[in-house]
Amino acid sequence: MARTLVAGIDLTSMGRRVADRARLIADESGGTVELVHVLEPVGEAMIDPGLARILRKHQQREAEKIAEWVGQRSATAVTLEVIKGSPAWELAARAKKADLVVLGSSTVDAFTAGPVSLRVARMAISDVLIVRRQPRVPYRRIIAAVDFSESSRVAVERSVEMFPDAEITVLYSLPSRFDPLLIDAGLFNEEMEASRGSRLETARDRMHEFTHHWNGQIKTTVSDGPPTETIHEEVRRRGADLVVVGSRGATATRMVLLGTVAEGLVGHAPCDVLIARSPANFRRP
């Protein structure tokens with residue numbers, strides 16, 4: 001399925017990673033790539049207007065070099081837009097007309113999302129991909145993290161739809177946050193272990209019901225422990241290069257509900273992260 005991709009690039013090596021990953025996805029889907037480089041205001045840095053013009057010309061040239069480099073490697077159309085404004089707001093605005101917004105992680109620490117990526121992930125109404133690793137090939141091993149909700153169903157659907165040739169593992173993590181309360185309520189260790197085992201069996205049954213539609217296309221696993229920790233462990237164990245997690249969007253407002261797990265993965269995941277957005281009605285309290 002052809003997809004419209006917007007890739008927010010800076011002029012560092014991370015900007016090239018973002019552009020190249022967008023190109024790989026577009027080549028697979030037959031989509032188009034719009035590279036967007038946002039020029040931030042320089043007034044607060046007290047830069048002389050003459051120097052500011054020199055700076056802007058330099059930024060324009062460097063962005064054009066990235067666009068030319070990606071265009072030469074791509075089988076699909078690649079365009080470039082260089083604009084002035086707030087990076088987060090401009091990219092979130094362009095997400096309204098895109099299927100996917102591709103962003104980079106921090107240029108200081110590749111496994112930590114920078115403030116712009118975090119803000120766009122919270123505001124955008126489209127899917128958002130956070131790139132951390134150097135793209136070399138299309139995604140091969142994917143983990144779709146689910147909690148059996150409709151928004152997590154979208155995570156599986158998006159994984160299968162966008163990356164049909166990848167090995168996709170659907171992961172459910174049985175939360176443990178209520179266990180200390182059960183112990184405080186008087187349960188013995190033997191009772192806790194029996195309860196935990198019973199809940200894991202129930203979770204496996206739910207997983208079978210949840211994923212039967214994709215039989216033959218995916219693998220499934222149920223883990224015991226906090227979702228963020230078990231997802232990180234599963235990524236390392238399987239050598240996954242992408243985690244997909246669902247997030248409920250918020251209409252009629254700029255705010256988008258990411259959710260605790262999605263927020264944690266965007267901020268600190270050991271691989272690339274795709275936030276699969278599902279539409280939802282949001283009403284202010």
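Helices (H or I, at least four residues) and strands (E, at least two) are DSSP runs, numbered from the N terminus. With that noted, I looked up A144 and found it in strand β6, residues 141-146.

I am working with a predicted model, in which local features need pLDDT of at least 70 and side-chain atom pairs count only at pLDDT 80 or more, while totals for chains, interfaces and linings use all residues. Residues are numbered from 1 along each chain as its sequence is written, and side-chain values use heavy atoms, with hydrogens and water left out.

Is A144 buried or exposed? I noted A144 as buried because its relative accessibility is 0%, where buried means under 20% relative accessible area, exposed over 50% and partly exposed in between (1.4 Å probe, protein chains only). Setting aside neighbours within four places in sequence, I listed the contacts (heavy atoms within 4.5 Å) of A144, among them A155, T169 and V244. The C-alpha atoms of A144 and A155 are separated by 6.1 Å, although these residues are 11 apart along the chain. I then turned to T169, which lies in strand β7, residues 167-174, and which counts as buried because its relative accessibility is 1%. Beyond neighbours within four places in sequence, T169 touches residues including I142, K219 and R238.

**Entry on α3 and α4.** Which residues of α3 meet α4? I found P87, A88, W89, L91 and A92 in α3, meeting V116, R119, V120 and M123 in α4.
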